[in-house]
Amino acid sequence: MTLRAIETLQEAAIILCEDTRVSRKLTEHYGINTKLVSCHEHNQMERLPEILATIAAGGVVAMISDAGMPLISDPGAPLVKAVQMAGFKVTVVPGANAALSALSISGIASERFCFIGFLPVKTGARRSELSALANVPATLIFYESPNRVSETLADMYKVLGNREAALVREITKLHEEVVRAPLEELAARYEGKDVRGEVVLVIAPPLPQDEEHDLDGLLKAELKLGSLKDAVAVVTARTGLPKREVYARAVALEQGKA
């Protein structure tokens, strides 16, 4: 929480929140006594008359979410549009954002990225959406439910190949964890397992085709810098090729059979 955010919430007429029980812990911690009003995906438009009346009377209406930044994979966009259409000003008080925070510590290219949010729950629909994203020339950022991480990683490996990836869990919290590995390794590590907390998956973009197919060149360069094991890990992540294929080629190069 920034000082500006605390001040804004203290001065607001009402605070819209997903769950008043969750948000009350936050407001009590900072000594904020503003009235909390439940506003979620099922009732947000029902709140619109009250919101517009409050603003018309000169009051400030604030919106917060249970976790992360409001409107990012959270309800609220229809309200923002309706308030703007009514001629009132809407502004933002920047705060924590899981997607950008995860990207910044993932170690994966951040020059160009695409935030996807949550993938479909059903396997077929999830794989179909991943297929549509396979050629996007940017780092992909996903949110995922802890109990679907295993099957989602498996589908990502199957559809996107063995790209460099990072699983970021409980970002900015006490049990923050960042696991960086090729998708093949991440899928194996979490196979059949649930994880705890909020999860962000950061997936590297596809390599240009000319670089993707220059396996020998990549391996030779990495073998000059380190061990065979390290070279295989780096090149596997960069090319998306199966680890066993990269390993076999690396061994052949080292033994002079190539």
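Helix 10 crosses helix 11 in a right-handed manner, a crossing being right-handed if the near helix is turned clockwise from the far one by less than a right angle, and left-handed if anticlockwise. The model is predicted, so local features need pLDDT of at least 70 and side-chain atom pairs count only at pLDDT 80 or more, while totals for chains, interfaces and linings use all residues. Residues are numbered from 1 along each chain as its sequence is written, and side-chain values use heavy atoms, with hydrogens and water left out.

The axes of helix 10 (residues 215-225) and helix 11 come within 9 Å and cross at roughly 140 degrees. Axes are lines fitted to C-alpha atoms, for helices over the stretch in contact, with angles from 0 to 180 degrees between N-to-C directions; helices (H or I, at least four residues) and strands (E, at least two) are DSSP runs, numbered from the N terminus. The two helices are therefore oblique to each other (under 35 degrees is roughly parallel, over 145 roughly antiparallel, 65 to 115 roughly perpendicular, and the rest oblique). Leu215, Leu218, Leu219, Glu222 and Leu223 of helix 10 make the contact with Leu228, Ala231, Val234, Val235, Arg238 and Thr239 of helix 11, contact meaning heavy atoms within 4.5 Å. This contact of helix 10 with helix 11 comprises eight nonpolar, one polar and two charged residues.

Helix 11 (residues 228-239) has 12 residues and spans 16 Å from its first C-alpha to its last, close to the 16 Å expected at 1.5 Å a residue; the expected span is 1.5 Å times one less than the number of residues. Its buried residues are Leu228, Ala231, Val232, Val235, Thr236, Ala237 and Thr239 (buried, under 20% relative accessible area; exposed, over 50%; partly exposed in between; 1.4 Å probe, protein chains only).

For helix 3 (residues 48-56) and helix 4 (residues 77-85), the axes come within 11 Å and cross at roughly 45 degrees, which makes helix 3 oblique to helix 4. The crossing of helix 3 and helix 4 is right-handed. Leu48, Ile51, Leu52 and Ile55 in helix 3 meet Leu79, Ala82 and Val83 in helix 4. The residues of this contact are seven nonpolar, no polar and no charged.

Glutamate 170 lies in the loop between strand 6 (164-169) and strand 7 (177-182) and has a positive phi, near 55 degrees. Glutamate 170 is buried, with a relative accessible area of 14%. Threonine 172, in the loop between strand 6 and strand 7, has a positive phi near 70 degrees and is exposed at 59% relative accessibility.

Notes: Nonpolar A, V, L, I, M, F, W, Y, C, P; charged D, E, K, R; others polar.
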